[in-house]
Amino acid sequence: MSVLFQLAFDGLTIGLIYIILAAGLVLVLSVTEIFFVAYGQFYMWGAYVAWYTVDRFKMPYVVGLIVAVAATAVLGLLSYALIFRRMQHMDNRFLITVTGALGISLIMAQAVLPAFGTQPKSIPNVFPGALDIGGVHMEVKKLALIGIGILVTLILFYVYERTRVGRAMRAVSLNSEVAALHGINPSRVYLLTMGVGCALAGLAGALLAPAYNVSSGMGNNVIASVLLMTMLGGMDSLLGAVVGGFIVGEVLSFGQYYVHQMNVVYLFLFIGLVIYFRPAGLLGKRSNLGV
Amino acid sequence: MSNPIAAAIVARKRLVGFIILVVFLALVPAWVKSPYYIDLVIVIMINAGLAMTFIMLLRTGLISLAVAAFWGVGAYASAMLSVHAHIPVWACLPLATIITAIAALIVGFVIIRSAGFTFVIMTTVIGMLFVVVVGNIGRMGGYNGVSNIRPPESINFGALGKVVFDSKVDFFYLGLILFVIIMLVINAFYSSWAGRAWNAIGLNPRLAQSMGVNVFRYRLMSFVVGCAICGLLGSFYAHYQTFIIPTAFNLFPKTIYIQALAVLGGVGFATFGPIVGAAALTFFNEAFSGYSNWTVIIVGALVLVVVVFLPNGLLSLGQVPSRINRWRQERAFRRGEAAGATEAEAAPADGGGEV
């Protein structure tokens, strides 16, 4: 029995990282309608920047977290302002933006090597100790990750559902032209969303840094599964991102224990079936992206 | 245009360009001796062929991110037939093509009804599924891949000599022959009734349907033909490399690269676009290969520059003179119109005075 709880706990830890990542990607996909394959690199950059701040400048971890979020937000804003803003009205928008995202992804994936070195990094454990409750081994660093993750998700829900900014985002995601008629500047909402989405990716990376290793391949490894869990939950639904991230995290955790490698195969098959019968995902409403 | 030869060249610009390209490629080994560069040209041809199939599907309005997966199906089918069943390689090439076509028929039958973005997601899932499925089947080598795939058997042309596949040049000519066949097949499809139906579907599926084009059947046809070509290229790749690993056929770098070089060359140019795109990307990589860590960064920046300033691809540079001309004509027309407008404004005033 305690094995089950242990697996659920581990799944929840990685699931929260996925939830934050998927939530950011949901914002980017539904509002700016960019199939953003460079998203994983922001996650990696968040982890690296957090490591750099803590390791080189001897800052406390919280400062590293804030710096990582700020840095990835600025990178996201720059990539929109310099590149995607020009592509928003081109023909073949989908293909052009994917190619642009590939260019960004190449640059960001490679730039960490001269900037931070090739060795895998890890932040010295800032939350030492572990709790044992009913046979479940819970490290404090993972508990902290879960706490911060849940807090961020709640804040995100509040902002998206209850504030003017969130309402503007939802309006633009429904129909940017009508939103513009109602006095919202879609271009600014796109810019803001890109910043928030990339900052969430950076936050996920920075949260992960003390609990797991940081390596230059992590961005490439995660992007495909984050895209899939976004599709599973529905690409216009934050709640869908939470459900998708949770399912994927738990399935990977339990599957690793019971069926080893094949868990990924079953997971992808399951996601494929869900998308086949519900193109909008479990909780989503729309299934098109202006293709 | 008094010269009849020049007139003929202009009339058959595409054909002449095609012949020049083939002759140029056929002469590459004559002046390039380094096996490294021959290898690059072979890789360019494979990538260009894959991008052509991507554009072929794009013509019918389908964006397939499973190109690399079907490439991998062809490669693995050929490798399995060759390594485990000991079938001669010359039989493996067509067999792998047929197997890939059958796989594409089954997959396409299921997923093609969902067009638009759903199709993109479905092909994404398939592209990722292929890697994990193959990686988990021990008999197919798992994540370690398949090695010791035999090169094609030597052919004896009698008096003309014998072709033994032991150097890159032999593979280069085999690849070139396949590449030319692929280009001819694709262009034959484009200029036939099927190509016209594809174009119609790409422009507007509903309108095409109302005109009596069976949208599902023609899309399925383009999917099967495109994937079969991918399979042929994959089979060639497997016997050329002699080893394959599943992660080489992954969605994230490979298919996105294929898509990107189709865009770099220009998706409006179905045959020459991918060639230019693939050559440009390889050229970028080689030209800046001396800067160690900075190579990929420079390549990424160049991709961004091309895609931001030439969204219709590198080949749209060739349309710049005509575009300038048109712009001049429009400006002249606008000026004339402005002058005409002032006259027209003046005229009613006079007329009004008369009444």
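**Exercise 1. Fold pattern**

Which pattern does chain A follow, read along the sequence? Work from the predicted model.

*Solution.* 
Step 1. Count the elements: chain A holds eleven helices and two strands.
Step 2. The pattern is α-α-α-α-β-β-α-α-α-α-α-α-α.
Step 3. Along the principal axes, the C-alpha atoms fill a box of roughly 60 × 45 × 35 Å.

**Exercise 2. Burial and contacts**

State what percentage of chain A counts as buried, then turn to the sequence separation of its contacts.

*Solution.* 
Step 1. Take burial over the 291 residues of chain A: 53% count as buried.
Step 2. Keep the contacts in chain A with a separation of 6 or more. Residues 24 or more positions apart account for 78% of them.

**Exercise 3. The hairpin**

Describe how β1(A) and β2(A) pair.

*Solution.* 
Step 1. Locate the strands. β1 of chain A spans residues 130–133, and β2 of chain A spans residues 136–139.
Step 2. Find a facing pair. A:Ile133 stands opposite A:Val136 in β2(A).
Step 3. Inspect the turn. Two residues lie between the strands, and A:Gly134 takes a positive phi near 55°.

**Exercise 4. Packing of α5(A) and α6(A)**

Classify the packing of helix α5 (residues 140–162) of chain A against helix α6 (residues 164–174) of chain A.

*Solution.* 
Step 1. Read the geometry. The helices pack at an angle of about 70°, and their axes are 5 Å apart.
Step 2. Apply the cut-off: 65 to 115 degrees counts as roughly perpendicular. That makes α5(A) roughly perpendicular to α6(A).
Step 3. List the residues that meet. α5(A) brings A:Val159, A:Tyr160, A:Glu161 and A:Arg162; α6(A) brings A:Val165, A:Gly166 and A:Met169.
Step 4. Sort this contact by class: four nonpolar, one polar and two charged residues.

**Exercise 5. The side facing chain B**

Identify the helices of chain A that supply at least two residues each to the side touching chain B.

*Solution.* 
Step 1. Size the contact. On chain A, 40 residues are in contact with 33 residues of chain B.
Step 2. Name the helices: α3 (61–87), α4 (93–116), α9 (218–233) and α11 (262–277) of chain A.
Step 3. Pick out the largest share. α4(A) gives 14 residues.
Step 4. Sort this side of chain A by class: 29 nonpolar, ten polar and one charged.

Note on methods: Residues are numbered from 1 along each chain as its sequence is written. Chains are lettered from A and ligands numbered from 1 in the order in which they are written. This is a predicted model: local features need pLDDT of at least 70, side-chain atom pairs count only at pLDDT 80 or more; totals for chains, interfaces and linings use all residues. Helices (H or I, at least four residues) and strands (E, at least two) are DSSP runs, numbered from the N terminus. A residue is buried if 20 or more other C-beta atoms lie within 10 Å of its own, exposed if 12 or fewer, and partly exposed in between; C-beta atoms are placed from the backbone. Two residues are in contact if their C-beta atoms, placed from the backbone, lie within 7 Å. Ala, Val, Leu, Ile, Met, Phe, Trp, Tyr, Cys and Pro count as nonpolar, Asp, Glu, Lys and Arg as charged, and the others, Gly among them, as polar. Axes are lines fitted to C-alpha atoms, for helices over the stretch in contact, and angles run from 0 to 180 degrees between N-to-C directions. Angles under 35 degrees count as roughly parallel, over 145 as roughly antiparallel, 65 to 115 as roughly perpendicular and the rest as oblique. Two strands pair if DSSP finds at least two bridges between them.
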